[in-house]
Amino acid sequence: MQINGKVAIVTGAAGGIGAAIAQRLLEHDAQGVLLTDLDAGRLEATVKLLAGSHGERVGGVAGDAASTADLERIVDAAEERFGPVDLYFANAGVGGGAGLDASEEEWSRSLDVNVMAHVRAAKLLVPRWVERGAGYFFSTASAAGLLTQIGSATYSVSKHGAVAFAEWLSVTYGDSGVRVSCLCPQGVETELLMSGTRSDDPVERAAARAVLDAGELLRPLDVADHVMEAVGDERFLVLPHPQVLDFYRHKGSDYDRWLRGMRRYQDAVK
């Protein structure tokens, strides 16, 4: 898909990967990009910054990407301002280092934001895209969705769910003009990751350290460049850290050996 002239929505776009994706979309001459985030103050600042270079082609609507009512409002705002939505970047996510001690509320929040937000957006947009014969759903998951996350059951399970839902969308609607990509980065210099290094919870600190020690820490704009290339190629799996593919292959070739190695790695980062 060519981004030039297209309309996009990016969730979780007040900063980090979401803001970087929005910036690159505008630099690739998207017709309009609507940013959305729960943090209205940061969102307003990011939109103002991008509007300085891209004018009326960028807008923002604060809202909850996991709320159907908010999603309807966000999609309506994008279409009223820019026209029919061509691309949806389901980028909003939550982290956390919870294990078996995670509360029901923590499980619900992780699954709601990291998985069900994608499902609810797809329910709104995919039928329209099938009718039009074209559309693009871009899911931000994580390397944890292919591998696992030391310390965090909620993050691991929900990110696996995000990968699985993206796969299902592609299989089910790929022949109807709906393109799907799934981003699975490892360490990215975002507040979501860096806040874990400052946490009072030793499990959260270990989870963050496991990511930081696993490989290169990328800038959000570096990740956004990989995202733009993947959209242009209509490629499903997007791996800004190439070693993730090696880890994934090792996992599939000998699952028990991989699990033993992960247990050793877990001990090393505690």
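Which residues of α1 are buried? In this predicted model, the buried residues of that helix are Ile 17, Gly 18, Ala 19, Ala 20, Ile 21, Ala 22, Arg 24, Leu 25 and Leu 26. Because nine of its twelve residues are buried, α1 is largely enclosed by the rest of the structure. The helix covers residues 16-27 and should span 16 Å at 1.5 Å a residue, which agrees with the 17 Å between its end C-alpha atoms. Just after α1, Asp 29 takes a positive phi of about 65°.

The largest nonpolar core has 39 residues, and those with the most contacts inside it are Ile 9, Val 85, Tyr 88, Trp 129 and Phe 137. Elements giving two or more residues to this core include β1 (7-11), β4 (87-90), α4 (104-132) and α10 (255-269). Helix α4 contributes the most, with seven residues. Leaving aside neighbours within four places in sequence, Tyr 88 is in contact with Ile 9, Thr 11, Leu 71, Ala 121, Leu 125, Trp 129, Tyr 136, Phe 137 and Phe 138. A second, separate core of 34 residues includes Ala 30, Leu 50, Phe 138 and Ala 230.

His 118 is placed in helix α4. This histidine is buried, with a relative accessible area of 1%.

| Side chain | Partner | Distance |
|---|---|---|
| His 118 | Ser 139, side chain | 3.3 Å |

Leaving aside neighbours within four places in sequence, the contacts of His 118 are Ala 90, Ala 92, Val 113, Phe 137, Ser 139, Thr 140, Ala 162 and Phe 165.

Note on methods:
Residues are numbered from 1 along each chain as its sequence is written. This is a predicted model: local features need pLDDT of at least 70, side-chain atom pairs count only at pLDDT 80 or more; totals for chains, interfaces and linings use all residues. Side-chain values use heavy atoms; hydrogens and water are left out. A nonpolar core is a set of buried Ala, Val, Leu, Ile, Met, Phe, Trp, Tyr and Cys residues joined through side-chain atoms within 4.5 Å. Buried means under 20% relative accessible area, exposed over 50%, partly exposed in between (1.4 Å probe, protein chains only). Helices (H or I, at least four residues) and strands (E, at least two) are DSSP runs, numbered from the N terminus. Contact means heavy atoms within 4.5 Å. The expected span of a helix is 1.5 Å times one less than its number of residues. A polar contact is a pair of N or O atoms within 3.5 Å; within protein, one must be able to donate a hydrogen and the other to accept it, and residues adjacent in sequence count only if both atoms are side-chain atoms.
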